[in-house]
Amino acid sequence: MKNSWLPRGAAILMNNRSQTLQLLFSRGVMSRTDIAHYLGITTAAVTSIVSDFLDEGLLVQQEAVLESQKPVGRRRLPIAINYDWRYILAIDVHSYYINIGVTNMKGDVLTERSLAPKGGTPEALCSGIAKECIKMLWESGISMEKVLGAGVTVIGPINQRDGIALHVFRLFDDPFPIRSYFEAEFPFPVAVENNVCAILLSELVYTDITEDSHNILMLKWGPGVGSAMAIHDQIYKGYHYQSPEIGHNLISERNGLRCNCGAAGCLEPTVSVDAIVAFIAEEIAQNPTGELAKLSNVLGTPTRKNLPQYLESDSETLWTFMQERAHALASVTGNAIHLLSPDKLLLTGDLFAMEPVKELFESQLQAINPRLQPDLCAMARASAGKKYAGAAAIVVEQILLPWKDLGSSARQTHRNS
Ligand SMILES: [Zn+2]
């Protein structure tokens with residue numbers, strides 16, 4: 001068996017208990033013997049760790065499988081994470097909307113709803129969201145004891161260690177301690193992370209991607225442009241908790257569009273879903289008898305919501321524009337690839353979820369630099385179709401693994417120890 005797996009929390013000294021869980025989260029199902037092999041410990045040690053987790057219900061025993069097709073093959077008893085052992089309260093904060101939901105430990109949604117940001121101060125905003133969350137838990141009949149923790153994913157740079165949002169674009173300019181605000185409202189712990197870093201973390205937590213790729217660049221296209229990087233299997237943050245920001249590369253010298261980040265001339269406002277919608281609206285206004293105007297008679301005024309339907313058409317005007325925009329994004333991404341040399345470029349977001357858009361981007365990337373490795377791009381898997389996978393992943397990483405590292409009774413005190 002190939003064994004390039006390294007526990008991701010090695011830098012913060014994880015013990016065999018949480019490494020066993022980490023391995024099971026990334027592999028799904030494994031036998032005790034295979035876990036022992038990966039961790040370099042005895043099968044007896046694994047059996048002891050696993051029996052604790054089986055007793056409390058965090059792990060489940062799967063049906064025995066034959067190791068080989070031969071009738072004399074050894075029987076192996078695979079074990080797996082019981083993803084429904086506890087639930088996760090997921091809170092996803094954007095500039096103009098907030099999604100809240102309850103998921104299992106893999107990000108599968110039990111219930112969810114959407115809110116508009118309210119309150120003139122960060123404290124009022126968080127308190128309002130918390131009240132809606134408690135109402136949602138109450139209405140769904142989910143007891144607080146069943147909730148492992150809240151995962152709060154937020155746009156902009158985040159100090160995830162102390163749970164501080166440093167700059168929530170368009171909502172608040174100043175840093176605020178988002179974790180302590182929420183922990184004052186909930187009877188369970190809270191994990192906070194930047195939304196794109198959290199999506200990338202979900203790939204590290206729930207898939208075996210680190211088997212082959214230790215340095216990963218993630219690019220999110222749709223609705224905005226977001227990016228994050230993992231180096232040596234760890235989410236990379238630089239000065240002041242900044243992530244590599246592909247969307248905020250400067251692309252125009254003068255008269256550039258004003259971006260959410262405050263700067264003028266960034267890439268993002270020229271390639272975002274809103275930019276594409278604005279282009280279609282402008283074309284319709286200028287050519288009332290053109291192909292896009294005809295489409296709008298059927299689909300309605302272009303919006304974020306019906307953009308996928310516009311992109312299902314073969315409108316030459318629209319796809320010529322898309323090719324230009326995909327080229328602009330691919331150029332800047334190509335520069336980032338030169339600087340960061342990732343093993344993998346993971347694609348995610350509403351636009352990449354559309355196959356023709358993803359193909360268009362990849363072809364532009366290859367056209368710019370034909371020497372890129374052919375299997376460089378891949379679609380993100382853990383977060384595909386799961387908007388709360390990132391929130392679930394940060395709760396597993398920041399709350400469950402440190403808790404289980406210390407033993408079952410240490411939940412309430414792990415942060416103070
Ligand atoms: Zn910007």
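This is a predicted model: local features need pLDDT of at least 70, side-chain atom pairs count only at pLDDT 80 or more; totals for chains, interfaces and linings use all residues.
Biologist: At what angle do α11 and α12 pack?
Modeller: Two packed helices are described by the angle and the distance between their axes. Helix α11 (residues 316-340) and helix α12 (residues 355-368) pack at about 55 degrees with axes 8 Å apart (axes fitted to C-alpha atoms over the stretch in contact, angles from 0 to 180 degrees between N-to-C directions), and are therefore oblique to each other (not under 35, over 145 or 65 to 115 degrees). Residues meeting there include M322 and L329 in α11 and F361 and L365 in α12 (C-beta atoms, placed from the backbone, within 7 Å).

Biologist: What is the strand order of the open sheet?
Modeller: Strands of a sheet pair through backbone hydrogen bonds, either parallel or antiparallel. Here the five strands run β8-β7-β6-β9-β12 with mixed pairing (DSSP E runs of at least two residues, helices being H or I runs of at least four, all numbered from the N terminus; pairing needs at least two bridges). Strands β8 (109-115) and β12 (190-194) stand at the edges with a single partner each, so one side of each lacks a neighbour in the sheet. Strands β6 (residues 87-93) and β9 (residues 147-154) pair in the parallel sense over seven bridges, and I88 stands opposite G149 in β9.

Notes: Residues are numbered from 1 along each chain as its sequence is written. Two residues are in contact if their C-beta atoms, placed from the backbone, lie within 7 Å.
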